[in-house]
Amino acid sequence: MKLEIAVGDITKLRVDAIVNAANRSLLGGGGVDGAIHRAAGPRLLQECREIRRTRHPDGLPVGQAVLTGAYDLPAKHVIHTVGPVFAAERDPAPLLAAAYRNSLALAEEHGLRSIAFPAISTGVYGYPREDAAQVVKGVLAKFAFKSLERVVLCYFSPDDKAVAERILG
Ligand code: AR6
């Protein structure tokens with residue numbers, strides 16, 4: 001597996017799946033979630049509503065992941081996962097690790113070759129970016145990659161990217 005640490009807008013990436021830092025409702029929000037829904041178009045919200053109705057009537061639990069189409073995005077799929085709210089958890093690291101690991105596992109289940117992650121939980125959810133990068137490092141070191149050949153960590157600011165490079169590079 002080849003790891004790329006990039007800076008930019010994840011909605012522009014032409015990969016098999018981009019990961020959405022969603023919330024438990026799966027019905028959209030601000031940050032990267034809002035950007036993904038805006039760029040994918042209204043059919044993404046329709047599919048998310050259907051997932052809520054059929055598989056997750058109480059919302060998607062923190063750390064779990066679901067896959068949808070990507071509609072108007074250049075990516076082929078969107079994997080929606082929910083990171084922990086940093087201040088709300090006594091032990092947030094295993095939950096953030098689960099969000100990354102379950103997203104990777106779902107990509108493998110679908111035979112995907114490339115996936116891009118935003119910095120899950122490090123925006124509105126308040127996870128310190130250094131600690132989050134350490135969690136990502138741990139997950140990537142242990143994961144058994146099969147179909148996935150390329151993992152992109154897509155940071156929104158050059159500063160966030162520099163922090164990640166220091167920890168993961
Ligand atoms: N491309 C890449 N990264 C982005 C983009 C983008 N287009 N836009 C923002 N980021 P956040 P969270 C970065 O707050 O902390 C939403 O309302 C951003 O700079 O999007 O997991 C959801 O609906 C930050 O580094 O996600 C939830 O309610 C990172 O993405 C809640 O926010 C994550 O910030 C989830 O909070």
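This is a predicted model: local features need pLDDT of at least 70, side-chain atom pairs count only at pLDDT 80 or more; totals for chains, interfaces and linings use all residues.
Glu 50 is partly exposed, at 37% relative accessible area, while Arg 53 is exposed, at 60%.

## Another helix pair, and one that links loops

Helix H5 (residues 158-168) holds a pair of its own: Lys 161 and Glu 165, 4 residues apart, again about one turn of the helix. Their closest N and O atoms are 3.4 Å apart, making a salt bridge. Lys 161 is partly exposed at 21%, and so is Glu 165 at 36%.

Then there's Arg 113, which forms a salt bridge with Glu 149 at 3.5 Å between the closest N and O atoms. Arg 113 is in the loop between helix H3 (92-109) and strand S5 (114-117), and Glu 149 is in the loop between helix H4 (129-142) and strand S6 (150-155), so this pair ties together parts 36 residues apart in sequence. Glu 149 is partly exposed, with 44% relative accessibility.

## The wider count

The whole structure has 10 salt bridges. Some form a network, linking Arg 129, Glu 130, Asp 159 and Asp 160.

## Strand S4 and its neighbours

Now for the strands. In S4 (residues 77-82), 5 of the 6 residues are buried. Strand S2 (residues 17-22) runs parallel to S4, joined by 6 bridges, while S3 (residues 65-69) runs antiparallel to S4, with 5 bridges.

Ile 79 in S4 is the bridge partner of Val 19 and also of Leu 67.

Note on methods. Residues are numbered from 1 along each chain as its sequence is written. Side-chain values use heavy atoms; hydrogens and water are left out. Buried means under 20% relative accessible area, exposed over 50%, partly exposed in between (1.4 Å probe, protein chains only). Helices (H or I, at least four residues) and strands (E, at least two) are DSSP runs, numbered from the N terminus. Two strands pair if DSSP finds at least two bridges between them. A salt bridge is a side-chain nitrogen of Lys or Arg within 4 Å of a carboxyl oxygen of Asp or Glu.
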